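Dear colleague,

Please find below the structure that I am handing over to you. My notes on it follow directly after.

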Amino acid sequence: MAVPAPIAIDPRADGVQLLLEDEGRNFTSLFDLSAITLPVPSGGPGSGCMPKDGWAVNGSLTAYKYRNFSGALPPTCAPGSAQGLTSFFVTDTRARNGKPIALSVRTKGSTILAPLVPSIGVAFGELRLSINLQGTVGGLPCAIKSMPLPNCKLTGAGRKLTCR
């Protein structure tokens, strides 16, 4: 994800918003952890719905890892509100090597493409991923990427979606 170098990120302080949409179906939401629903919250371990939920960071402040053991997101902590989110990784090495920010989201038991075409598990248009790394309240996404379907693969008997 290309984000200009002067823009600082800190998911521990700001949280993260993520929205995956199908452009071919009038931007139908496929997976939504944004201000529309519940964003991935800020805060270190113990700041979520269970003592281990929260963000950790390495010593050089380049690798952030969110873990969710509860299956829920604050402030409601409603069961299932995390939509299956188990971890969110953000790696920012722009200052060191100029590479784009790398993201990885892992979920368990999430339904991403099934609501669109359950029989074949595919979207109709390009997938659009909107990410906001600069705060969970309001604001515009700091990155939006449309991914042509040939760049996305559904593998593992339909259990894993990977887009590059």
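The notes below cover the core, the aromatic rings and one glycine.

This is a predicted model, in which local features need pLDDT of at least 70 and side-chain atom pairs count only at pLDDT 80 or more, while totals for chains, interfaces and linings use all residues. Residues are numbered from 1 along each chain as its sequence is written, and side-chain values use heavy atoms, leaving out hydrogens and water.

Two aromatic pairs were found in the whole structure; rings of Phe, Tyr and Trp (its six-membered ring) pair if their centres lie within 6.5 Å, and planes under 30 degrees apart count as stacked, over 60 as edge-to-face and the rest as tilted. Tryptophan 55 and tyrosine 66 form a tilted pair, 5.3 Å centre to centre with 55° between the planes. Ring pairs link Trp55, Tyr66 and Phe88 into a cluster. Tryptophan 55 is buried, at 1% relative accessible area, where buried means under 20% (1.4 Å probe, protein chains only).

Glycine 43 lies in the loop between β2 (28–33) and β3 (54–57). Glycine 43 counts as buried because its relative accessibility is 16%.

Yours sincerely

Terms used. Helices (H or I, at least four residues) and strands (E, at least two) are DSSP runs, numbered from the N terminus. Buried means under 20% relative accessible area, exposed over 50%, partly exposed in between (1.4 Å probe, protein chains only).
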